[in-house]
Amino acid sequence: MRKVPKHYVFFGLFMLMAGGLLFAQGSGTLVFGLAGNPDTLDPQKTSGTLTFQVVKSFYDTLVEPDTSGKIVPALAESWSVSPDGLTWTFRLRRDVVFHNGQQFTSRDVAATLNRILDEKTASPKRSEFTMIQEIRTPDPYTVVLSLSQPYAPLLASLASGWGAILPSSLIASGHNFGAEPVGTGPFKFERWIRDSRISMVRNDRYWMKGLPKLTRVEFQIVPEQAVQVQGLAAGSIHALEFIDPDDLPILQSNPNVTIKKELTSLILVMAMNTSREPLSDLRVRQAVNYAIDKQVVLDVAYGGGKVGSTFLDTGNAYYTDFSSLYPYNPEKAKQLLKDAGVGNREFTISVPQNYPLHVKAAELMQQMLTNVGMKVKIQLVDWSTWLSSVYSGGNFDFTVIGHTGKLDPDGTLAGYGAGKYVKWYNSTVESKIKEAAKVSDFAARKKLYTEALEIMAKEVPFVYLGTSYRYVGTRSNVVDFRMTPNLDTYDFRWTEIR
Amino acid sequence: MNGIKFAAKRLLRLILTLFIITTIIFFVIRVIPGDPALIIGGVDASPADLEAIRARLGTDRPLSTQYVEFLWSILHLDFGHSMISNEPVISLILQRFPLTLTLAVLGLLIGILIAIPLGVLSAVKRWSGWDYLGLVFSQLGMAIPSFWLGILLLLILAIRFPIFPLFGADSFAGLVLPALSLGIARAAIILRHTRASMIEELSKEYIIAARAKGLPESFIRYKHALKNALLPIITITGIEFGYMLGGAIIVEQVFSLPGLGRLFLYAIYQRDFPLIQGGVVFIAIIFSVVNFVADMLYSIVNPKIRLE
């Protein structure tokens, strides 16, 4: 028995040394706290936000959104659309090299678009590209797309993460992009330890001169929120995207941490199943809207935001405000419910349990609806069940969710008026949205969208809660960490650690 | 010879068990709501895109076809590819197994090192200061949730006194706190069993006989009583070890460790059918192996017990 303490001493000493050796990294290395493991690093085989947030650094797109959300040249230095909207010509940059040394040419663009269009790839975004009838490459630096019909949103699809350009040689050889991405992006893939860390190093031959500034980026996967926050406070994490409002006080009082508050592009809603009695009655949907104090829900559940009034994020260039339609008015709600004869029917709010903020919002709204005399209970479901049973299966009365932003309003609005998960039908809305996708002039499009959005605002298949703020935390010596507008991906090209 | 017969019998039983549970799990995960194609496609995918994804995954075919194909590939020891990440199930599991194994072994060692000496001491010196210490420890160890203990350990030993890393399993240091929080919970359970088992042995007649024979007290306690008391302790330790080898979800979550627990948890969240099936088979095999080893240990500790 006497020997044991000695072992403990060695054990302890060893650990002290091992602990001290850790985290001896260069100053050009940025550690980013990622909340989960991406499903894959193949940009054309998933719709997962985490994937696009990570692969943004590996790949480039033909065009991309700038900091204001305007689409600007990237791998294509210019582009033009024929007057009939059917022929799109892209002129490519000549100084771009893939991470494997291959020169970037029009063949890569054609191969990538064909990969998306190939049914065997089963890209979840294929439908956004199906109006491309023919892809021609008259020379190595020109790509001509012929469309079957005018389709303005195509530019946004080409600028989104799933429009990432892959090298044609590796597409041909069946390379596993999901495990080992190869692109033209600012950082080269180094290693991915699943559920733990993704490492990338600077691409010295990146086509934007002098960029990127960092030498390495490490995505550290930290699932526990408390640990993320402590990591940022202590300095083992340099940047975090989504800080829970509850954790703000700890970080705001820390002089080494800077918190930036930005409007997200989320469209937060409580959706109503309008195929179900009595939610098919407009008066009941109006009553639900009058009963809810949206600002309170935004402030308490989501850490603040801008109240919405229709189905678009409040910061969107196409957004029009209709908030005078249904102000908070519980008395009016009670009257409408009485007129509609709702009585004792019990309603259920189904919420995905993996989104604690939506759960909190649902609880607040349950209380507000109870206050006007409705019987409401909450049902928590896991994300898979929400997708298949609630969203696709239509098994719900109410559900609380945030629709992610899109570069083009068509991405958000396509299909509404023709059912979607709220089972709401309005042929005027449906045709205006379809028509707007064919128009490329901003003012003409906005007019069509405003007409559709006004009907959606009046007929309220949703409670439009609005758009929340996001709190991005960085160490104070981290400068110019950017997030791509609407896509919410991470852009480390200009980022520096001083 | 006896050992080989015993092992063969066990193997047969394992195969039967595997057949039954894989069949149950195959149908259960497909009956509950959820569709991996929706996880891949998300809310914006068009119906046509979802159909293409289902065709790629093979989930558009009749269940019976899928089941026959599943049995056929299992017979060839082929667990297929993850539906979500498209990586081979075997390699996903084997990537994470070393970490989970290390963690389980460390956790068990810490558990045993705390529990057995303290448990024996508690039993030998009943109602003494040691005994109360043991009782309080095991009560607390079982009552404190391991995620809370984990966060507490991190706050003290990684933040307040930055001795250990806050996350990651890059070095041995990163495993100390998770092993400690696993080990303390195990220790609490093993300690209770050790104490109870030891008290029972010490009250048996052969102990009185040994004392009457004039054997030294320490010889009686550690050579005779402890050896016999070990049997139930081995059983409970084996079960605890089996659980830890299946992955310690909460501890992996708190300490950001890429272990089996998180792999299987997300597989269930995402309805990644092949990965769930592979995980179930893996855990079943692990439990059988651990039980087999525990049975072997029985006969080593007490040769009167024969393997049958």
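This is a predicted model: local features need pLDDT of at least 70, side-chain atom pairs count only at pLDDT 80 or more; totals for chains, interfaces and linings use all residues.
Start by selecting B:Phe27, which sits in helix α1 (residues 2-31) of chain B. Helices here are DSSP runs of H or I with at least four residues, strands are runs of E with at least two, and both are numbered from the N terminus. B:Phe27 counts as exposed because it has 12 C-beta neighbours inside 10 Å. The cut-offs work like this: with C-beta atoms placed from the backbone, a residue is buried if 20 or more other C-beta atoms lie within 10 Å of its own, exposed if 12 or fewer do, and partly exposed in between.

Residues are numbered from 1 along each chain as its sequence is written, while chains are lettered from A and ligands numbered from 1 in the order in which they are written.

**All of chain B**

Zoom out to chain B. Its secondary structure comes to 13 helices and 0 strands. The C-alpha atoms fill a box of roughly 85 × 55 × 30 Å along the principal axes, and 40% of the 308 residues count as buried. Colour 2-75 as domain 1 and 98-270 as domain 2; these bounds come from an automatic or database domain assignment. The C-alpha centres of the two domains of chain B lie 36 Å apart.

Next, pick B:Leu77, in the loop between α4 (63-75) and α5 of chain B. Its phi is near 60 degrees, a positive value in a residue other than glycine. B:Leu77 counts as exposed because it has 8 C-beta neighbours inside 10 Å.

**Two helices crossing**

Show α5 (residues 89-124) and α10 (residues 217-245) of chain B, which pack at an angle of about 150 degrees with their axes 10 Å apart. The axes are lines fitted to C-alpha atoms, for helices over the stretch in contact, and angles run from 0 to 180 degrees between N-to-C directions. Which residues of α5(B) and α10(B) make the contact? Among them are B:Leu101, B:Ala104 and B:Ile112 of α5(B), and B:Leu226, B:Phe241 and B:Met244 of α10(B). Two residues are in contact if their C-beta atoms, placed from the backbone, lie within 7 Å. The contact residues divide into 10 nonpolar, 3 polar and 1 charged. For that tally, Ala, Val, Leu, Ile, Met, Phe, Trp, Tyr, Cys and Pro count as nonpolar, Asp, Glu, Lys and Arg as charged, and the others, Gly among them, as polar.

**Helix α8 of chain B**

Select α8(B): it has 30 residues and reaches 40 Å from its first C-alpha to its last, close to the 44 Å expected at 1.5 Å a residue. The expected span is 1.5 Å times one less than the number of residues. Because 26 of its 30 residues are buried, α8(B) is largely enclosed by the rest of the structure.

**Where the chains meet**

47 residues of chain B are in contact with 43 residues of chain A. The helices of chain B that each supply at least two residues include α2 (36-41), α7 (146-160) and α12 (260-269). The largest share, 6 residues, comes from α3(B). The side of chain B that touches chain A divides into 27 nonpolar, 12 polar and 8 charged residues.

**Over to chain A**

Colour chain A by its domain assignment: domain 1 (6-58 + 185-256), domain 2 (63-172) and domain 3 (267-469).

Go to helix α11 (residues 356-371) of chain A, with 16 residues. Buried residues of α11(A) include A:His358, A:Met365 and A:Leu369. What covers the buried residues includes β13 (267-272) and α8 (282-291) of chain A.

Which peptide bonds to look at next? The one from A:Leu211 to A:Pro212 is cis, with omega near -10 degrees, and the one from A:Glu277 to A:Pro278 is cis, with omega near -10 degrees.

Finish at A:Val460, in the loop between α15 (442-459) and β20 (462-475) of chain A. Its phi is near 35 degrees, a positive value in a residue other than glycine. A:Val460 is buried, with 24 other C-beta atoms within 10 Å.
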